[in-house]
Amino acid sequence: MVQAEDAIKLAVIEAFNEANILKRELARRHGKTENEARRILDPDHHSKLGQLQDAMQALGKTIVVSVLEAA
């Protein structure tokens, strides 16, 4: 089982890779510095959910969360 924050972080990284842009461009779209963009894309760096949502929005994506019954 994967933690929700880790799954969202990986989704941001995947969306960034699919966008085929530079970290500098993500930073510009996100209104952040390039260092902040690097931290958002670093799987070992803890990012807050709001930061990840903003990054996804800058990449033209949205996060959708579902809750399912436990098996």
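Modeller: Two residues are in contact when heavy atoms of theirs lie within 4.5 Å. Keep in mind that the model is predicted. The part to look at is helix 2, which spans residues 23-30.

Its buried residues are L26, A27 and H30. Viewed down the axis of helix 2, these buried residues fall within an arc of 100 degrees, so they line one face of the helix. The face turned away from that buried side carries R24 and R28, which are exposed. The cover over the buried residues of helix 2 includes helix 1 (4-19), helix 3 (34-40) and helix 4 (49-58).

L26 shows this surrounding in detail. Leaving out residues up to four places away in sequence, L26 touches F16, I21, A37, L41, A55, A58 and L59. L26 also belongs to the largest nonpolar core, which has 16 residues. Within this core, V12, F16, L26, L41 and L59 touch the most other members. Helix 1, helix 2, helix 3 and helix 4 are the elements that give two or more residues to the core. Helix 1 supplies the largest share, five residues.

At its end, helix 2 is followed by G31, whose phi is positive, near 70 degrees.

Buried means under 20% relative accessible area. S47 has 5% relative accessibility, so S47 counts as buried. The side chains of S47 and K9 are joined by a polar contact of 2.7 Å.

Definitions and conventions:
Residues are numbered from 1 along each chain as its sequence is written. This is a predicted model: local features need pLDDT of at least 70, side-chain atom pairs count only at pLDDT 80 or more; totals for chains, interfaces and linings use all residues. Side-chain values use heavy atoms; hydrogens and water are left out. Buried means under 20% relative accessible area, exposed over 50%, partly exposed in between (1.4 Å probe, protein chains only). Helices (H or I, at least four residues) and strands (E, at least two) are DSSP runs, numbered from the N terminus. The arc is that of the directions from the helix axis to the C-beta atoms. A nonpolar core is a set of buried Ala, Val, Leu, Ile, Met, Phe, Trp, Tyr and Cys residues joined through side-chain atoms within 4.5 Å. A polar contact is a pair of N or O atoms within 3.5 Å; within protein, one must be able to donate a hydrogen and the other to accept it, and residues adjacent in sequence count only if both atoms are side-chain atoms.
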